[in-house]
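Please consider the sequence and the model shown below.

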Amino acid sequence: DSAGQEHELLEHGRDSLVTPEKAELFAQLLLEMRLGEAKQQLATVRAGIASVVPLDCMALWTWRCLEERVCGIATVDVDLLQKYAKYEGISAEAPEVGFLWSCLQEMSQTDLRKFLHFVWGRSRLPQEGHPKWGEGFKIVRQAVASDADQWLPSAHTCFFQLDLPAYSCKEICKERLLFAIQNCVHLGIA
């Protein structure tokens, strides 16, 4: 099976040779075993979903729609993120905020997912209007004791918050942001 465990496909199958005459039978038995090996787990997931949503209603959604409702949208939409941005102690027109949005617009989907993980602990955005947005994405001016260009941004995943230093240019913002999202992803570091 997929867990690497041996299973007899038929009684005394371990002692039977697979001959050209029996190959089709064994192939069919193997296919049935592999297709059914997660049956118990799927039944448990189905029962869990049924405890929250009547199963008759499940037919109203495609698998993709259900995935988006449960997991969020697979493609990170920077414009949607920007729509839900709230600014505390910093203006939406501040240069460093403009650098941030410009950097995010240029990032690959892989790096955008890393950014979301850095600031929120998840890799997908909820659908527009979904209650999971809560108070939105907070951008806060990070107070630093010295040259802001030397500091990394920090994040508070519980609050979906980015503390952003007042970087002097887009290039430094991008360099520090990429370093943070690729290297500072463990609790206590972000």
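The questions below concern a predicted model.

Reader: Is Ala85 buried or exposed?
Author: Ala85 lies in strand β1, which covers residues 85–88. A residue counts as buried under 20% relative accessible area. Because the relative accessibility of Ala85 is 10%, this residue is buried.

Reader: Which residues does Ala85 touch, not counting residues up to four places away in sequence?
Author: A contact requires heavy atoms within 4.5 Å. With residues up to four places away in sequence left out, Ala85 touches Trp101, Phe137 and Ile139.

Reader: How many disulfides does the structure hold?
Author: A disulfide needs two cysteine sulfur atoms within 2.5 Å. By this criterion, the number of disulfides in the structure is 0.

Reader: Which residues of α8 are buried?
Author: Helix α8 runs over residues 170–183 and has 14 residues. Cys173 belongs to the buried group, because its relative accessibility is 0%. The buried residues of α8 are Ile172, Cys173, Arg176, Leu177, Leu178, Ala180 and Ile181.

Reader: Against what do the buried residues of α8 pack?
Author: Packing is judged here by contacts, that is, heavy atoms within 4.5 Å. The buried residues of α8 pack against α6 (95–106) and α7 (109–120).

Conventions. Residues are numbered from 1 along each chain as its sequence is written. This is a predicted model: local features need pLDDT of at least 70, side-chain atom pairs count only at pLDDT 80 or more; totals for chains, interfaces and linings use all residues. Side-chain values use heavy atoms; hydrogens and water are left out. Helices (H or I, at least four residues) and strands (E, at least two) are DSSP runs, numbered from the N terminus. Buried means under 20% relative accessible area, exposed over 50%, partly exposed in between (1.4 Å probe, protein chains only). The expected span of a helix is 1.5 Å times one less than its number of residues.
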